[in-house]
Amino acid sequence: MKKTLIASLLALFSVSALANETLTVGATPVPHAEILEFVKPELAKQGVDLKIKVFNDFIQPNQQLAEKNLDINYYQYRPFLDDYNKTRHTNLVPVVGVHIEPFGAYSSKYKSVKDLPEGATIAIPNDPVNTGRALVLLSEAGLITLKNPQDPQSEEKDITANPHHFKIRPLEGAMLARAVNQVDLAFIFANYALEAGIDTDKALIVEKGKSLYVEYLVARPDDVNDPGIQKLAKALNSPEVRQFILTRYQGKIMPGF
């Protein structure tokens, strides 16, 4: 009788502990938070209460993770993470890659880059990693010449030829979608484009499918093997999530696993 009671209490305690496991994840709204919302019910079945905290910038999710205000985040690719770790002296690590977003240049005034006038203003991201990403695409489109056309770390000083005297205007990533009507061409991340209702199929310049830019689930190094994080990682790399991405985003965002 006593053994049965003890066993029952232990089982009850185990179920209670499992049900109370909470994982707080930082993410940008689209598609990251949407994908997390999709896996949330499945994680609940596994005893993980997923709390999704939405951010609209690219710095706070890493800062909050490093300061242990988040358990994990999901919004960035490796070059950005590596640069953040280097400049902020952190040691955040990727857990699993989930999806790839196209990065493109959009215009509300012109239908082709060939139509850009002399001295056109081109808005690009102002962070070091994405500045180089945009400049490489401008070089590949034949609009400028770079010292090293394949260097994703290129800076404005590396522009060796700008025959049409384009004005490069660096802006914070979240501002680019809002600026598209104020400049001649704006490079916009797919998540912000989708959030702003911009059709990503109408990009005048587009970069698609580069594995370098797979978006990762990211954690502190000591937490990589945490059971809740591993359950989330497995859920995000599931066939169900792959199908969700393909169906929901219709090729505008692709699975990265």
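**Ground rules**

I worked on a predicted model, where local features need pLDDT of at least 70, side-chain atom pairs count only at pLDDT 80 or more, and totals for chains, interfaces and linings use all residues. Residues are numbered from 1 along each chain as its sequence is written, and side-chain values use heavy atoms, with hydrogens and water left out.

**Aromatic pairs**

I looked for ring pairs first, taking Phe, Tyr and Trp (six-membered ring) with centres within 6.5 Å; planes under 30 degrees apart are stacked, over 60 edge-to-face, the rest tilted. That rule gave me 11 aromatic pairs. I picked out F58 and Y75: their ring centres are 6.2 Å apart with planes at 35°, so I logged the pair as tilted. F58 sits in the loop between strand 2 (48-54) and helix 3 (60-66), while Y75 is in strand 3 (residues 72-77), so the pair ties together parts 17 residues apart in sequence. Helices (H or I, at least four residues) and strands (E, at least two) are DSSP runs numbered from the N terminus.

Then I checked burial (buried is under 20% relative accessible area, exposed over 50%, partly exposed in between, with a 1.4 Å probe and protein chains only). F58 comes out buried at 10%, and Y75 is buried too, at 4%.

My other pick was F244 with Y249: centres 6.1 Å apart and planes at 90°, so this one is edge-to-face. Both F244 and Y249 are buried. I also noted a cluster that ring pairs link together: F58, Y75, F80, F103, F187, F189 and Y192.

**Charges over rings**

Here I needed NZ of Lys or CZ of Arg within 6 Å of the ring centre and within 35 degrees of the ring normal. R133 lies over the face of Y213, at 3.8 Å from the ring centre.

**Helix 5**

R133 is also one of the buried residues in helix 5. I found 11 of that helix's 13 residues buried, so helix 5 is largely enclosed by the rest of the structure. For its length, I took the expected span as 1.5 Å times one less than the number of residues. Helix 5 (residues 128-140) should then span 18 Å, and its end C-alpha atoms are 19 Å apart, which agrees. After the helix comes G142, with a positive phi near 80°.

What did I search for? On a 1 Å grid over the protein atoms alone, a cavity is a set of points where a 1.4 Å probe fits but cannot get out; a pocket is an open set with protein on both sides within 12 Å along at least five of seven lines; lining residues have an atom within 4 Å of a point. Volume is the space filled by probe spheres set on the points, which are joined across faces, edges and corners.

The whole structure has 1 cavity of 30 Å³ or more. The largest cavity holds about 150 Å³. It has 15 lining residues, and F58, Y75, Y77, F189 and E215 are the closest to its centre. Strand 3 gives the largest share of that lining, 3 residues.

The largest pocket holds about 200 Å³. Of its 13 lining residues, I59, F80, R88, D127 and P128 are the closest to the centre. Helix 4 (residues 78-88) contributes the largest share of this lining, 5 residues.
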